[in-house]
Amino acid sequence: MLEKNNDYLSKIRNIGIMAHIDAGKTTTTERILYHAGKIRKIGEVHTGEAQMDWMAQEKKRGITITSAATTVFWQKHQINIIDTPGHVDFTAEVERSLRVLDGGIAVIDGKEGVEAQTETVWNQADKYQIPRLVFINKMDDVDDVENRFTACCQSLEERLYAKLLVCQFPIGEYQGIEGIIDLIEEKAYYFSGEREENYQTKEIPTRLREKVQTYRQNLLERIISYDEKLGLKYLEGQSLTIQEIKNLIRKAVLSGEHFAVFCGSAYKHVGVKLLLDGVIDYLPSPLDSHQITVLSNQEEKVISTFDYPHSLALAFKIMSFSFAKLTFIRVYCGKISANSYVYNISKDKKERVSRLVRMHANKQEVVSEIKMGDIAAVIGLNYTKTGDTLCSEKEDILLEQISFTEPVISLAIESESTQDQNKLIKSLQTLGEEDPTFIHHYNKETRQTIISGMGELHLEVLVERLKSEFGVEVKVGKPQVSYRETITKKKENVEGEYIKQTGGSGHYAKVEITFEPNERGKGFEFIDIKSGQEMSNKDAEEVKKGLEEAMLSGLLLGYPLLDMKVTLIGGKRHPVDTKPGDFKMAAISAFRGNGIEERKKKAQDLGVILLEPIMKLEVSNVPEEYYGVVLASITQKRGTVESIEKKKETYLLKAQIPLAETFGYSTILRSSTQGRATHYLQFSHYQEVPPYVIEKLEE
């Protein structure tokens with residue numbers, strides 16, 4: 001246990017940097033590294049030299065694919081930073097990063113305002129109650145800077161329902177940002193544009209004084225409710241000191257109700273140092289985030305990290321390098337030392353901590369221990385996976401899990417040569433350990449390996465990694481939709497029997513089960529109401545496992561079946577013939593029947609339907625002359641347009657569209673708008689497939 005006034009903890013910030021793709025997130029991170037003295041040379045994303053985009057695929061494509069961790073020091077504070085991807089296909093990297101972070105910076109493209117992936121990462125941060133700063137970036141590349149900044153703030157308030165605390169205001173009457181006004185200190189900073197971000201402090205321009213006073217008054221009125229004494233002081237007409245205002249802003253940001261807004265241009269070296277000051281002033285330390293949710297004795301409860309007597313950590317990311325496998329962890333309680341042991345509560349395994357390293361992208365720095373509140377990587381853990389809880393003792397405690405979206409798209413792959421088959425399997429296992437949204441399995445009927453992921457780009461990158469990093473040449477099939485099945489009818493007292501005679505003692509088990517639809521998204525639910533001595537709890541566990549296995553291949557077209565509630569009523573055994581595994585087979589028989597005709601009858605009785613993934617589609621920058629063509633292209637692909645927004649001379653269209661209809665859509669959009677419109681896809685939900693589409697699938 002640690003003292004609550006621990007000076008070390010108060011000087012730690014664990015933050016993530018998140019944004020829509022191309023908002024300047026990694027560029028902002030590079031400037032932070034430079035100003036904090038972590039790097040001597042600034043790497044640019046467009047030249048493939050950004051420090052945090054270290055993977056070959058990231059350098060080649062100019063996008064962030066995997067979250068990268070680093071540590072910098074600023075104003076005598078340690079800042080652990082995770083730079084997250086901006087592309088929706090890699091949003092799982094954002095999810096698991098936010099799970100272990102205390103604060104975040106949402107980078108907004110000043111030209112565009114809130115974009116589709118901005119909404120996604122913002123909602124993810126809301127899910128984990130992450131206090132945030134907002135950095136409105138790229139203010140060097142906009143016309144009418146001041147009005148554009150105001151429009152960005154409006155988009156944050158309207159699309160994200162964010163309550164903003166505007167701490168800065170840009171200076172720039174025409175093209176490009178000239179300086180920044182600090183609304184707290186009431187000063188104007190004019191930047192030279194040099195890498196060091198040197199600036200001159202001047203008086204606020206006369207034309208902006210009235211606007212600045214309005215913004216400042218609005219800021220003060222939003223924060224005074226966070227301290228009764230200071231609120232009374234303000235209402236009595238007394239001026240608040242700079243430090244008092246900052247303390248109030250900090251309280252407001254830590255509440256999760258308000259978000260402090262900064263502005264600038266990372267690329268042009270404007271405002272990043274001031275943003276770093278904001279991280280120290282307003283984002284939480286582990287001292288502010290000491291209440292955590294755990295599962296103990298099958299019940300959720302909230303504990304204080306100060307009061308728990310053992311070391312406690314969460315594994316949130318696995319990465320494999322040539323020298324070792326790294327397990328990234330956040331330590332919530334106590335400390336973890338090199339050359340020690342930890343207990344993996346999730347896997348019920350004791351693991352050895354061989355070495356501990358602090359990472360800077362793909363470079364490592366060996367450390368002797370990781371203290372409470374810190375983030376680093378462990379070498380030596382063999383059984384630990386993403387989401388596992390580590391403890392210094394064998395305790396009945398689990399940290400809150402990390403949830404991931406199911407993959408929606410698949411590809412068939414096979415190795416170029418039979419000699420590479422084993423190598424392919426091992427490589428896929430390694431990629432699966434690193435990425436929880438990447439799944440692979442072998443289809444016995446087609447004799448193909450099927451890989452599944454979050455989108456075409458996700459799978460494309462993984463296939464390229466197989467070739468470049470693992471040296472496995474593969475043949476790739478066409479993208480396939482990950483359809484699902486579900487039941488719509490309740491069927492009571494369904495019997496399933498397994499009988500097999502082999503000459504001696506045989507096999508026998510019989511079960512009675514009720515099947516019914518579960519709430520959409522709730523998954524598989526198993527209820528055991530058996531009575532008597534015929535079946536043991538171990539037999540019931542066999543029934544559950546048998547049904548979980550059977551649901552992997554549905555009754556209609558063989559796709560995985562979702563959202564089914566099962567009640568085990570009872571069963572029968574034979575004193576001699578019943579063997580381990582027999583109740584599992586009986587349960588499978590109750591669900592699937594025996595043979596094709598029985599399976600079809602089961603599908604009818606349970607009202608099995610086919611589901612397809614529906615995607616959120618946003619088409620932006622649509623020129624007015626191509627608006628009709630784009631609208632028609634969406635409706636022709638079974639899309640439903642939800643909203644149309646006019647933005648100056650272009651349109652933004654939001655729609656819902658089946659994933660099956662989106663393959664090749666980027667090519668159609670480019671050709672129909674002469675390359676001017678762009679689109680964004682994100683999984684939304686599963687929806688029943690129309691009968692005429694099922695007929696095509698059955699052909």
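Biologist: Of the residues in the lining of the largest cavity, how many are nonpolar, polar and charged?
Modeller: Happy to start there, with the reminder that this is a predicted model. The largest cavity holds about 190 Å³ of space, and I65, T66, E93, D435 and R465 lie nearest its centre among the 19 residues that line it. By class, that lining has seven charged, three polar and nine nonpolar residues.

Biologist: Which element gives the most to the lining of the largest cavity?
Modeller: The elements that supply two or more residues to this lining are α4 (91-100), β14 (312-320), α11 and α12 (456-468). With four residues, the one that gives the most is α12.

Biologist: Moving on, which domains each give at least three residues to the lining of the second largest cavity?
Modeller: This cavity has a volume of about 70 Å³. Its lining includes A69, T70 and T71 as well as R358 and M359, and β2 (68-74), β3 (77-83), β19 (355-360) and β22 (375-379) each supply at least two residues. At least three lining residues come from each of domain 1 (1-220 + 257-282) and domain 2 (291-399).

Biologist: Now the open spaces: why does the second largest pocket lie between two domains, and which are they?
Modeller: The pocket has a volume of about 1500 Å³. Of the 39 residues that line it, H441, L552, G558, Y559 and P560 lie nearest its centre. The pocket lies between two domains because both give residues to its lining: domain 3 (409-477) and domain 4 (485-606).

Biologist: Which element provides the largest share of the lining of the second largest pocket?
Modeller: Elements giving two or more residues to this lining include α11 (421-434), β26 (439-443) and β27 (448-453). The largest share is four residues, and it comes from β26.

Notes
Residues numbered from 1 in each chain as written. Predicted model: local features only at pLDDT ≥ 70, side-chain atom pairs only at ≥ 80, totals over all residues. Heavy atoms only, no water. 1 Å grid on protein atoms, 1.4 Å probe; cavity = no way out; pocket = protein on both sides within 12 Å on 5 of 7 lines; lining within 4 Å. Points joined across faces, edges and corners; volume = space filled by probe spheres on them. Domains from an automatic or database assignment. Nonpolar A, V, L, I, M, F, W, Y, C, P; charged D, E, K, R; others polar.
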